[in-house]
Amino acid sequence: MRQQSPNAAARTRRTHRGSAERPGRMGRVLLPHPLTGEPFPSPVPPGTGWPGDPADADTPVAASAGDVSRLAAGASLPQVVARSSVCRACPRLVAWREDVAREKRKSFADQPYWGRPTPGWGDPRPRVLVFGLAPAANGGNRTGRVFTGDRSGDWLYAALHRAGLANQPTATHAGDGLELIGTRIIAAVRCAPPDNKPTPEERDACAPWLDREVEVVLPTVRAAVALGSFAWAAALRTLGRAGLTVPRPRPVFGHGAEVTLYREDGSAPVRLIGSYHPSQQNTFTGKLTAEMLDDVFTRAAEPG
Ligand code: SF4
């Protein structure tokens with residue numbers, strides 16, 4: 001096993017409480033949360049009352065890809081969710097998500113921004129697992145929940161509601177009452193990337209969070225939906241690492257593509273279904289329609 005250097009160990013022991021004390025770097029301007037009215041700086045320090053914040057000031061912070069691997073290994077689901085929500089392993093993405101949080105889009109200038117990674121959320125024992133790419137800079141990175149507060153999320157959660165997989169069709173902010181029914185949503189990369197394009201190194205650094213979360217919830221999963229080709233590839237990789245048999249050559253992504261992934265122990269397999277990503281580019285142009293999305297989630301919701 002690789003020995004951890006004293007410096008690396010010290011970095012890992014550092015909590016967000018420590019990093020939040022840098023004057024002028026953490027957006028000390030306090031703005032009211034749109035739902036609760038509580039004031040927050042941007043980005044939001046863990047454990048300060050943001051709705052659904054899974055972390056607190058003592059949650060260990062990963063400062064490198066090695067830290068991510070170590071902190072994800074063997075973690076419980078609450079630990080994966082909490083630890084990944086304070087991760088600082090990718091310098092470019094940390095800088096980007098926090099710069100966006102401080103500077104804000106003009107239309108959200110009166111709101112605090114989460115400005116942290118968005119962990120998986122939803123049912124801890126899901127039948128349906130939805131894979132996305134990464135949170136949007138002014139969506140999940142603002143609201144604190146993946147696919148929440150942007151047009152992609154409007155499409156996604158409306159479709160999940162129509163399929164009986166969500167209790168309401170709208171998603172505006174963490175703490176808005178939305179609940180997923182037998183469903184969990186996970187981003188392959190948990191920080192908002194510039195141009196929605198994480199580098200391969202960033203994707204790989206984040207993979208242990210994804211792998212561990214998938215590993216923990218996989219026993220109950222019967223169907224998975226990958227939103228876009230990046231998520232399709234990430235889903236195949238992580239489900240393969242979790243012990244499912246992935247055909248060779250690797251199945252090709254397409255809207256409506258479906259592949260059955262069998263478990264080594266012979267128990268119920270997982271059907272992986274591809275869908276075009278509900279991005280504005282796809283929905284505005286009609287490449288993805290509500291009916292096409294409904295078809296995917298209706299199939300995913302079928303008992304299997
Ligand atoms: S992308 Fe993943 S590994 Fe990189 S900083 Fe964000 S949560 Fe950590």
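The residues of the shell around the ligand divide into eleven nonpolar, one polar and three charged. In this classification, Ala, Val, Leu, Ile, Met, Phe, Trp, Tyr, Cys and Pro count as nonpolar, Asp, Glu, Lys and Arg as charged, and the others, Gly among them, as polar. The model is predicted: local features need pLDDT of at least 70, side-chain atom pairs count only at pLDDT 80 or more, and totals for chains, interfaces and linings use all residues. Residues are numbered from 1 along each chain as its sequence is written.

The ligand is surrounded by 15 residues. The closest are Cys87, Cys90, Pro117, Cys191 and Cys206. Helix 5 and helix 8 are the elements that give two or more residues to this shell. Helices (H or I, at least four residues) and strands (E, at least two) are DSSP runs, numbered from the N terminus. Helix 8 gives the largest share of the shell, three residues. Domain 1 (6-108) and domain 2 (121-301) both give residues to the shell, so the ligand lies between them.

The protein chain is divided into these two domains, domain 1 (6-108) and domain 2 (121-301). Their bounds come from an automatic or database domain assignment. The C-alpha centres of domain 1 and domain 2 lie 23 Å apart. Domain 1 brings 24 residues to the contact, and domain 2 brings 24 residues. Two residues are in contact if their C-beta atoms, placed from the backbone, lie within 7 Å. On the side of domain 1 that touches domain 2, helix 3 (65-72), helix 4 (77-84) and helix 5 (91-103) each supply at least two residues. The largest share of that side, five residues, comes from helix 5. By class, the side has 18 nonpolar, four polar and two charged residues.

Leu93, Arg97, Glu98, Val100 and Ala101 are the buried residues of helix 5. They cover an arc of only 155° around the axis, which puts them on the same side of helix 5. The arc is that of the directions from the helix axis to the C-beta atoms. An α-helix has 3.6 residues a turn, so residues three or four places apart point the same way. Pro91, Ala95 and Glu103 are exposed on the other side of helix 5. A residue is buried if 20 or more other C-beta atoms lie within 10 Å of its own, exposed if 12 or fewer, and partly exposed in between, with C-beta atoms placed from the backbone. The cover over the buried residues of helix 5 includes helix 6 (140-143) and helix 8 (200-217). Just after helix 5, Lys104 takes a positive phi of about 65°.

Several loop residues were also characterised. Gly139 sits in the loop between strand 4 (128-132) and helix 6. Gly139 is buried, with 21 other C-beta atoms within 10 Å. Beyond its neighbours within four places in sequence, Gly139 is in contact with Phe147, Thr148, Gly149, Asp150 and Gly153. Gly139 and Gly153 are 14 residues apart along the chain, and their C-alpha atoms are separated by 8.3 Å.

Phe253 lies in the loop between strand 7 (244-245) and strand 8 (258-263). Phe253 is partly exposed, with 18 other C-beta atoms within 10 Å. Leaving aside neighbours within four places in sequence, Phe253 contacts Ser229, Trp232 and Gly274. Pro249 is found in the loop between strand 7 and strand 8. A cis peptide bond joins Arg248 and Pro249, with omega about -5°. Another cis peptide bond joins Ser42 and Pro43, with omega about 0°. Pro43 is in the loop between strand 2 (39-40) and helix 3.

Asp195 is in the loop between strand 5 (183-187) and helix 8, and Asn196 lies in the loop between strand 5 and helix 8. Asp195 has a positive phi of about 60° although it is not a glycine. For Asn196, also not a glycine, the positive phi is about 55°. Asp195 is exposed, with 7 other C-beta atoms within 10 Å. Asn196 is partly exposed, with 16 other C-beta atoms within 10 Å.

Technical notes:
A residue is near a molecule or strand if its C-beta atom, placed from the backbone, lies within 6 Å of it.
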